[in-house]
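Look at the chain from end to end before reading on. The paragraphs below start with contacts along the sequence, then move to the overall form, and then to single residues.

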Amino acid sequence: MKPHQFVFYWFAAFASYLLIVFSSYGFLPEGILLELITKYTGDISGESWDNFMGYVIFIGSAMVNAVLIWIVVNIYQRATVKKH
């Protein structure tokens with residue numbers, strides 16, 4: 001594989017990660033999650049909540065991105081095997 005292909009694949013993976021992160025910030029129901037957590041743990045400070053949500057979003061996005069990359073590679077490999 002040529003070096004520019006590695007860069008393209010890395011950029012595509014990073015772009016999909018950023019898309020998932022920004023989508024999570026936009027669509028994740030933080031109010032509902034805060035209610036659920038405070039029901040079981042009691043009051044939580046704003047700074048602790050922000051740190052918790054940051055970890056959830058960044059780690060969750062990394063996991064979702066890894067699964068998405070695995071699915072795409074799996075489909076690609078199956079398609080190339082069928083051609084030969």
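In this chain, 69% of the contacts with a separation of 6 or more are made by residues 24 or more positions apart. The model is a predicted one, and the values that follow are computed from it.

What are the elements of the chain, counted from the N terminus? The order is α-α-α. That makes three helices, with zero strands. The radius of gyration is 18 Å, whereas the globule rule gives 12 Å for 84 residues, so the chain is more spread out than a compact globule. The C-alpha trace spans about 60 × 25 × 15 Å along its principal axes.

Of the 84 residues, 14% count as buried.

Which residues make up the largest nonpolar core? There are five of them: Tyr17, Val21, Trp49, Met53 and Ile57. Two elements give two or more residues to this core, namely helix H1, which covers 3-27, and helix H3, which covers 46-83. Helix H3 gives the most, with three residues. As a general point, nonpolar side chains in soluble globular proteins tend to be buried together.

With neighbours within four places in sequence set aside, Ile57 is in contact with Val21, Ser24, Tyr25 and Leu28. Val21 is itself one of the residues of the core.

Serines can be buried too. Where is Ser61 placed? Ser61 belongs to helix H3. Its relative accessibility is 1%, and because buried means under 20%, Ser61 counts as buried.

Ser16 is a second case, and Ser16 lies in helix H1. Ser16 has a relative accessibility of 18%, so Ser16 also falls under the 20% limit and counts as buried. Leaving out neighbours within four places in sequence, the contacts of Ser16 are with Asn65 and Leu68. How far apart in space are Ser16 and Ser61? Their C-alpha atoms are 9.5 Å apart, although 45 residues separate the two in sequence.

Lys2 sits in the segment before H1. Is Lys2 buried or exposed? Its relative accessible area is 52%, and the limit for exposed is over 50%, so Lys2 is exposed. Lys2 and Glu35 are 33 residues apart in sequence, and from C-alpha to C-alpha they are 50 Å apart in space.

The last point concerns charge. The chain carries 5 positive and 5 negative side chains. The centres of these two sets lie 37 Å apart.

Technical notes: Residues are numbered from 1 along each chain as its sequence is written. This is a predicted model: local features need pLDDT of at least 70, side-chain atom pairs count only at pLDDT 80 or more; totals for chains, interfaces and linings use all residues. Side-chain values use heavy atoms; hydrogens and water are left out. A nonpolar core is a set of buried Ala, Val, Leu, Ile, Met, Phe, Trp, Tyr and Cys residues joined through side-chain atoms within 4.5 Å. Buried means under 20% relative accessible area, exposed over 50%, partly exposed in between (1.4 Å probe, protein chains only). Helices (H or I, at least four residues) and strands (E, at least two) are DSSP runs, numbered from the N terminus. Contact means heavy atoms within 4.5 Å. The radius of gyration is taken over C-alpha atoms; the globule rule is 2.2 Å times the number of residues to the power 0.38. Lys and Arg count as positive and Asp and Glu as negative; His and the chain ends are not counted. The place of a charge is taken as NZ of Lys, CZ of Arg, CG of Asp or CD of Glu.
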